[in-house]
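Q: Could you go through this one with me? I'd like to start with a local spot and then step back to the whole chain.

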Amino acid sequence: MPHIELDNALPGIAGLMNYRPETGRPLTELTEVLLRGPSTLSRGERELIATHVSELNQCKFCAGSHAAFAAAQLPEDYQHTAKLMALIDIATAVTESGRAVTAELIAKAKENGATDLEVHDTVLIAAMFCAANRYVDGLATWAPDDPEAYRRMADKIVPNGYTSIIGIS
């Protein structure tokens, strides 16, 4: 049960975004840019970074939803590239501390083909998801147990984007 009355029955961050749309809207817009905007990383790869951070932070809702969003956007035979693994190492460091991102981690990512923009966006995705995970869990929002619920969320988010979250209560 959430720590505050949200006046809607939506799970996770969707409930919070609809509780206070004036703060939810800029958060969804940032998420839209980072996970769906122009990038040399695919949408699915960016969703994998968000999923990884959420799993490390043990945020059930964010890990479940973004895993479903990644699966809906990646081919079944998708294989992680060395570049993505190096970027995931950077995201892992961000979950510990921004200062845990070392020159060595950045050099490894660049050696594997990561651009400055990809490094930038990885750090920002990881930092934003650390905040989002704490927001979701800090207010004790609920998360579905059924994986099918997350697949249904993917059916809405993948074609319509994150800004479609606001106003769905």
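Q: Leaving aside neighbours within four places in sequence, what is Gly 113 in contact with?
A: In this predicted model, Gly 113 is in contact with Lys 83 and Glu 118 once the neighbours within four places in sequence are set aside.

Q: And where is Gly 113 found?
A: Gly 113 sits in the loop between helix H6, which covers 103–111, and helix H7, which covers 116–138.

Q: How far apart are the C-alpha atoms of Gly 113 and Ala 82?
A: Their C-alpha atoms are separated by 8.6 Å, although the two residues are 31 residues apart along the chain.

Q: Back to Lys 83, then: which helix does it lie in?
A: Lys 83 belongs to helix H5, which spans residues 82–96.

Q: Why does Lys 83 count as buried?
A: Lys 83 has a relative accessible area of 19%, and buried means under 20%, so Lys 83 falls within the buried class.

Q: What does the side chain of Lys 83 make a polar contact with?
A: The partner is the side chain of Glu 118, at 3.0 Å. Not counting residues up to four places away in sequence, Lys 83 touches Glu 118 along with Leu 41, Asn 112, Gly 113 and Ala 114.

Q: Changing topic, how many residues of helix H1 are buried?
A: Helix H1 runs over residues 12–19 and is mostly covered, with seven of its eight residues buried. Those seven are Gly 12, Ile 13, Ala 14, Gly 15, Leu 16, Met 17 and Asn 18.

Q: Which helices do the buried residues of H1 pack against?
A: They pack against helix H2 (21–36), helix H4 (60–73) and helix H7 (116–138).

Q: Stepping back, what does the secondary structure of the chain come to?
A: The chain has eight helices and zero strands.

Q: Why does the radius of gyration agree with a compact globule?
A: For 169 residues a compact globule would have a radius of gyration near 15 Å, and the chain has 16 Å, so the two agree. Taken along the principal axes, the C-alpha atoms fill a box of roughly 50 × 35 × 25 Å.

Q: And what share of the contacts joins residues 24 or more positions apart?
A: Such pairs account for 74% of the contacts with a separation of 6 or more, and 47% of the 169 residues count as buried.

Note on methods:
Residues numbered from 1 in each chain as written. Predicted model: local features only at pLDDT ≥ 70, side-chain atom pairs only at ≥ 80, totals over all residues. Heavy atoms only, no water. Helix = DSSP H or I, 4+ residues; strand = E, 2+ residues; numbered from the N terminus. Rg over C-alpha atoms; globule rule 2.2 N^0.38 Å. Buried < 20%, exposed > 50% of the residue type's maximum accessible area, 1.4 Å probe, protein only. Contact = heavy atoms within 4.5 Å. Polar contact = N/O pair within 3.5 Å; in protein donor to acceptor, adjacent residues only side chain to side chain.
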